Amino acid sequence: MVTDILSEYVSKTQKSKIIFEEAIKYLPLGVSSNYRFFDPYPIYLVKGNGGRVWDVDGNEYIDFILGFGALEVGHANPKIINEVTKALQDSSILGFEYYKTVELAKIISKRYNVDMVRFSSTGTEATMHAIRIARAYTKRKKIIKFEGHYHGSHDQLLININPMVQKDRVPSSLGIPEETLSNTLVAEWNNLESVEKLVKSQSNDICCVIMEPVAMNMGLIPPEKDFLKGIFDLSKEYNFLVIFDEVKTGGKMYSGALGYYNVKPDIILMAKSIAGGFPLSVIAGKREIMELIGPNKVAHGGTFNANPISVIASYVTLTQILTENAFYYMETLSDRLERGYRDIADDLDVDLKVTRWGPSGMIYFSKEVPRNYKELLKTDIPRWFTYFYSMLNSGILPMAGFNEQWTVSVMHTKEEIQKHIEKAYDAVKKAKEERLNLKLFEAF
Ligand SMILES: Cc1ncc(COP(=O)(O)O)c(C=O)c1O
């Protein structure tokens with residue numbers, strides 16, 4: 001019985017329940033980021049190690065959420081601990097520029113084939129700054145984004161992120177003036193015509209198209225053949241910039257999505273996994289664009305930008321942990337998961353589809369793989385809920401939501417992957433039998 005799944009969750013997480021009841025008095029929704037909440041209350045975590053985390057009730061989970069994709073180095077990676085501990089002895093913030101920042105900028109410039117780099121602390125800041133830079137460079141106002149793509153928690157891009165109603169324009173938060181969103185146009189992922197239509201109707205005022213080059217906030221939906229090429233062609237014809245928001249993808253292939261698809265966006269943004277679990281984001285791009293940053297030109301500042309701890313963590317991550325060999329290893333593990341899910345679907349004769357890109361992948365209870373956000377909403381989400389809570393109960397955090405994906409780390413083991421597959425077999429079997437009709441809410 002499905003209700004048993006939820007009662008099992010509640011009986012295993014009594015201490016989380018008590019903390020939640022206290023937390024909602026002080027923290028809206030009992031959490032510090034809306035995405036961390038789920039019904040009936042979320043688990044509260046104590047610690048992590050390698051591929052695992054532990055909650056306040058002492059439950060152990062094999063973790064494939066990994067800080068929403070921020071921790072491919074794994075929890076408490078010894079290399080990060082060693083280097084960061086040493087760096088901390090020399091202060092966590094120096095005010096003026098830390099001398100090693102240039103080394104990190106050079107590494108990023110070479111690895112991701114970008115001319116110049118600026119650092120901020122979060123993905124939200126990176127996308128916010130990128131929009132301003134694009135506007136300054138093109139002297140135009142309008143932005144095109146895609147439905148289902150998430151670019152952080154600032155006003156300009158908070159539209160049609162995960163609307164639960166089928167409407168063309170749905171603000172993803174209260175409190176955003178209509179005038180602000182009037183400059184943000186929404187296109188459909190994998191539908192070049194929808195981009196073309198917007199570009200043609202506002203051809204003199206489009207400053208940029210911003211995208212997650214592999215969409216990872218609506219499951220995991222790669223661009224279809226020629227879709228990216230179509231956008232680059234349009235950008236040349238209509239003189240707008242192409243911005244790759246690689247906050248998730250940047251650390252998921254050795255040289256990110258731009259390397260994988262062998263394209264050269266005007267600006268790329270990265271965060272999450274590239275700094276081994278510390279807050280650091282990258283705004284990078286072509287020299288003539290990046291050189292617009294400066295006094296009397298484009299503003300970019302931040303007290304914690306490129307603080308020594310984040311710089312060292314990122315340096316160690318990129319030079320010693322997320323190496324080409326590491327990507328090979330994560331690919332092997334993730335491929336094993338993908339094949340495991342395909343076998344489960346065949347064995348149990350369930351309509352279940354899988355998409356994967358390097359260390360990340362996603363499953364959908366559906367006859368077809370979704371091509372865009374609207375198609376994702378048509379998948380059988382109540383069955384996904386049954387699967388999700390069954391996985392939690394059996395000690396696996398498979399992914400953070402029906403619009404998220406799994407990520408493997410360099411510290412996961414083959415045995416942990418095997419355990420994931422075994423538990424997934426039972427969870428998918430339950431999902432085949434029953435649907436858990438929880439209320440869907442927009443994360444914002
Ligand atoms: C693609 C993408 N861009 C931007 C962001 C915002 O990053 P942050 O949460 O570090 O502000 C996220 C966060 O999930 C993201 O997935």
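Reply: Contact, or touching, here means heavy atoms within 4.5 Å. Let us begin with Ile107, which has its place in helix H5. Leaving out residues up to four places away in sequence, Ile107 touches Tyr315, Leu318 and Thr319. Val350, by contrast, is 243 residues from Ile107 in sequence and 45 Å from it in space, C-alpha to C-alpha.

Some ground rules before we go on. Residue numbers start at 1 in each chain and follow the sequence as written, and side-chain values use heavy atoms, with hydrogens and water left out. The model is predicted: local features need a pLDDT of at least 70 and side-chain atom pairs count only at 80 or more, while totals for chains, interfaces and linings use all residues. Helices (H or I, at least four residues) and strands (E, at least two) are DSSP runs numbered from the N terminus.

H5 covers residues 101-111 and packs with H12 at an angle of about 35°, the two axes being 10 Å apart. Such axes are lines fitted to C-alpha atoms, for helices over the stretch in contact, and angles run from 0 to 180 degrees between N-to-C directions. The crossing of H5 and H12 is left-handed (the near helix is turned anticlockwise from the far one by less than a right angle; clockwise would be right-handed). On the H5 side, the residues that meet H12 are Thr101, Glu103, Leu104, Ile107, Ile108 and Arg111. H12 brings Val311, Ser314, Tyr315, Leu318 and Thr319 to this meeting. Sorted by class, this contact holds 6 nonpolar, 3 polar and 2 charged residues (Ala, Val, Leu, Ile, Met, Phe, Trp, Tyr, Cys and Pro are nonpolar, Asp, Glu, Lys and Arg charged, and the others, Gly among them, polar).

H12 has another partner to show you. Helix H4 (residues 78-88) packs with H12 (residues 308-321) at about 150°, with 9 Å between their axes. This makes H4 roughly antiparallel to H12 (over 145 degrees; under 35 is roughly parallel, 65 to 115 roughly perpendicular and the rest oblique). The crossing of H4 and H12 is right-handed. H4 contributes Lys79, Ile80, Glu83, Val84, Ala87 and Leu88, and H12 contributes Ile309, Ile312, Ala313, Val316, Thr317, Gln320 and Ile321. This contact of H4 with H12 has 9 nonpolar, 2 polar and 2 charged residues.

Between H4 and H5 there is a loop, and Ser91 lies in it. Ser91 is not a glycine, yet its phi is positive, about 90°. Most residues other than glycine have a negative phi, and most peptide bonds are trans. Ser91 counts as partly exposed because its relative accessibility is 29% (buried is under 20% relative accessible area, exposed over 50%, partly exposed in between, with a 1.4 Å probe and protein chains only). Asn190 also has a positive phi without being a glycine, near 60°. Asn190 sits in the loop between strand E6 (184-187) and helix H8 (192-201), and with a relative accessible area of 8% it is buried.

The peptide bond from Asp39 to Pro40 is cis, with omega near -10°. Pro40 lies in the loop between H2 and E1.

Now for some rings. The whole structure has 26 aromatic pairs (ring centres of Phe, Tyr or Trp, for Trp its six-membered ring, within 6.5 Å; planes under 30 degrees apart are stacked, over 60 edge-to-face and the rest tilted). Among them, Tyr9 and Tyr389 form an edge-to-face pair, 5.8 Å centre to centre with 80° between the planes. Tyr9 is in helix H1 (residues 2-12) and Tyr389 in helix H15 (residues 381-393), so the pair links parts of the chain 380 residues apart. Tyr9 and Tyr389 are both buried. Tyr389 pairs with Phe38 as well: their centres are 6.2 Å apart and their planes at 65°, so this pair is edge-to-face. Phe38 lies in the loop between helix H2 (14-26) and strand E1 (45-49), so its pairing with Tyr389 in H15 ties together parts 351 residues apart in sequence.
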